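Please find below some notes on the structure.

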Amino acid sequence: MGSNDLRAPLAAAPRFFDLRTTGSDLAAELSASLAATAPFISPKFFYDPLGSRLFEAICELPEYSLTRAERRIFEAHGDEIAARVGVDRPLVDLGAGNCEKAERLFDLLAPSQYVAVDIAADFLQERLAALALRHPALAIVGVAEDFTCSLQVPAAVEPGPRTVFYPGSSIGNFAPDAALAFLSRMREVCGAGGQLVLGADLVRDKRSLDLAYDDALGVTAAFNLNVLRNVNRLVAADFDVADWRHVAFFDPVTSRIEMHVEARCDVPVRWRGGERRFSATDRIHTENSYKYTLPGLRALLQRAGFTEWEVWTDEPRSFAVAVAAA
Ligand code: AVJ
């Protein structure tokens with residue numbers, strides 16, 4: 001209609017599937033983990049809307065070099081990576097978050113379909129709507145699910161061979177046995193002839209690893225402590241964030257970063273389904289982030305059944321991107 005007709009190009013709305021377990025399953029899981037002898041909160045509970053944004057802020061921190069290191073590897077070796085991965089395949093992005101990493105690969109990989117999977121349903125849906133406007137010709141599928149429990153792909157996802165994209169060293173959240181099981185499942189999702197594109201943070205000096213998870217601005221502290229607010233919302237708990245402090249360190253023996261929230265004083269906490277008194281210095285374990293060596297990474301891929309792979313690293317060898325054939 002005349003001069004008002006300045007519309008965005010027509011884009012098919014992303015199809016969206018919510019495969020999350022019910023809220024009551026999550027609440028039961030949380031309640032049990034808070035009551036455990038060694039209390040813990042799964043890192044998947046970080047990603048409420050504020051937590052997703054705090055994680056984006058972490059990726060901008062000078063101390064948290066992972067995201068930039070990975071991006072530089074894709075910039076420097078994109079053509080070689082694309083040559084191994086192949087074009088015109090469905091691209092299954094696990095833990096898609098703001099979808100920026102995958103979007104940077106669209107030109108190289110020319111995916112036949114983009115499948116973004118994440119536990120943060122609202123955040124994902126919002127980012128996919130914006131993505132669809134920038135890529136009106138791309139078929140986009142959003143899947144909200146807790147893929148750490150069970151990775152399912154809806155029937156709307158084109159069959160294999162597929163490219164499974166698991167960047168950012170999120171594999172580090174899994175203990176070695178669970179990482180192996182999860183990689184084996186990713187291999188099935190790839191299908192014969194498909195490829196896994198995996199990012200893994202590498203072991204380096206303890207000081208720089210400690211700082212990456214305990215930055216000077218306290219952004220990681222806010223990200224970690226915000227989990228208590230999400231718990232308050234999910235199980236009607238009465239955590240007061242001010243009673244807790246952020247603790248994060250690299251343990252060279254287990255080769256992992258551990259994050260905890262630590263009670264500053266004696267605090268009683270109640271939630272729907274339980275209650276517990278925490279004493280000063282008691283901790284709740286909120287995250288592990290395993291760091292790999294190159295031989296360790298190759299051994300893991302092999303044990304998960306991948307047949308061939310190629311690994312690229314950045315210059316100080318702080319991060320690795322592997323492309324592995326299913
Ligand atoms: C999203 C799991 C890769 O372990 O580095 C960042 C999450 N935690 N800072 C990581 C995180 C604290 C991140 N992963």
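How many aromatic pairs does the structure hold?

1. The structure holds 16 aromatic pairs. Rings of Phe, Tyr and Trp (its six-membered ring) pair if their centres lie within 6.5 Å; planes under 30 degrees apart are called stacked, over 60 edge-to-face, and the rest tilted. This is a predicted model, where local features need pLDDT of at least 70 and side-chain atom pairs pLDDT 80 or more, while totals for chains, interfaces and linings use all residues. Residues are numbered from 1 along each chain as its sequence is written, and side-chain values use heavy atoms, without hydrogens and water.

2. One of the pairs is F55 with F223, a tilted one with 6.1 Å between centres and 45° between planes. F55 sits in helix α2 (residues 49-58) and F223 in helix α9 (residues 219-235), 168 residues apart. Helices are DSSP runs (H or I, at least four residues), numbered from the N terminus. F55 is partly exposed at 26% relative accessibility, whereas F223 is buried at 3%. Buried means under 20% relative accessible area, exposed over 50%, and partly exposed in between (1.4 Å probe, protein chains only).

3. Y64 and Y213 pair edge-to-face, at 5.8 Å centre to centre and 75° between the planes. Y64 is in the loop between α2 and α3 (66-85) and Y213 in the loop between α8 (206-212) and α9, so the pair ties together parts 149 residues apart in sequence. Both Y64 and Y213 are buried.

4. F46, Y47, F55, Y64, Y213 and F223 form one aromatic cluster.

5. With a disulfide taken as a pair of cysteine sulfur atoms within 2.5 Å, the count is zero. C190 is in no disulfide; its nearest cysteine sulfur, that of C99, is 19 Å away. C190 is buried, at 0% relative accessible area.

Definitions and conventions. Helices (H or I, at least four residues) and strands (E, at least two) are DSSP runs, numbered from the N terminus.
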